[in-house]
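Below is a walk through a predicted model. Please keep the sequence and the structure side by side while reading.

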Amino acid sequence: MPHSIAVPDACQWLNQSLLHPLPAPLALDWLFDEGSLTRRLTHLSNDGFSVTPLFEGWQPLRDDECAALDLPAASIGWVREVYLRGHGQAWVFARSVAARSALQGDGLHMDELGSRSLGELLFCDQAFARQAIEVCHYPRAWLPTADQTNGLWARRSRFDRGALSVLVAEVFLPSLWQAVHESAENC
Ligand SMILES: C=C(O[C@@H]1C=C(C(=O)O)C=C[C@H]1O)C(=O)O
């Protein structure tokens, strides 16, 4: 009977000062870029950017999400999982969550976004303050089946507006790194 292999399904999110060794400079640039990823991918794809919702609904949030949002374990929150695409290719898998309790008292309608970018809401409303970006190697079990690979870089940050915090995690898929290396951006 083969031994069952422990598959980590937890992320140790680290800020840049705790990262050793540092990722390659190009990866570091994308991981810690504080601007809108939507805007950067729109530029990289020459306006060939799109968002594909994969899952949206109320769910108990994960332990790391509850900790980041200062919520009791297994708190119910709105979960939005999407692909961010360039020319139809899935470049980023993103999972954004917010506590039901906070959303019910706020005017942010994550459930009405559809294929519009959440970034349009978070970066256009100056009232949202982005907190520090943290990174980890994303557990493969948390990825869509088609993308389950070990060691993909992911980042997350909290966007705060009053009592509402939206936690956004973005996993950079191999096809994005391919596009980045091929783009003129490196010149
Ligand atoms: C926070 C942003 O919004 C992006 C849009 C998302 C969505 O539509 O679900 C998810 C992750 C983000 O990369 C951004 O553009 O930087």
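Cys136 stands opposite Ala154, a residue of strand S6.

S6 itself covers residues 152-161, and it is mostly covered, with seven of its ten residues buried.

The pairing of S6 with S7 is antiparallel and extends over eight bridges. Between S6 and S7 the chain makes a hairpin with two residues in the turn, and Gly162 there has a positive phi of about 60°.

S7, residues 164-172, leads on to the ligand, as this strand supplies at least two residues of the shell around the ligand. Which other elements each supply at least two residues of that shell? They are helix H2 (37-44), strand S2 (76-86), strand S3 (89-99) and helix H5 (118-124). In total, 15 residues surround the ligand. The closest are Leu37, Thr38, Ala94, Leu118 and Gly119. By residue type, the shell consists of eight nonpolar, five polar and two charged residues.

Now for the whole protein. Six helices and seven strands make up its list of elements. Along the sequence they follow the order α-α-β-α-β-β-α-α-β-β-β-β-α. The radius of gyration is 16 Å, close to the 16 Å that the globule rule gives for 187 residues, so the protein is as compact as a globular protein of that length. Its C-alpha trace spans about 50 × 45 × 30 Å along the principal axes.

How much of the protein is buried? Buried residues account for 29% of the 187 residues. Contacts can also be sorted by separation in sequence. Of those between residues at least 6 apart, 66% join residues at least 24 apart.

Definitions and conventions
Residues are numbered from 1 along each chain as its sequence is written. This is a predicted model: local features need pLDDT of at least 70, side-chain atom pairs count only at pLDDT 80 or more; totals for chains, interfaces and linings use all residues. A residue is near a molecule or strand if its C-beta atom, placed from the backbone, lies within 6 Å of it. Helices (H or I, at least four residues) and strands (E, at least two) are DSSP runs, numbered from the N terminus. Ala, Val, Leu, Ile, Met, Phe, Trp, Tyr, Cys and Pro count as nonpolar, Asp, Glu, Lys and Arg as charged, and the others, Gly among them, as polar. A residue is buried if 20 or more other C-beta atoms lie within 10 Å of its own, exposed if 12 or fewer, and partly exposed in between; C-beta atoms are placed from the backbone. Two strands pair if DSSP finds at least two bridges between them. The radius of gyration is taken over C-alpha atoms; the globule rule is 2.2 Å times the number of residues to the power 0.38. Two residues are in contact if their C-beta atoms, placed from the backbone, lie within 7 Å.
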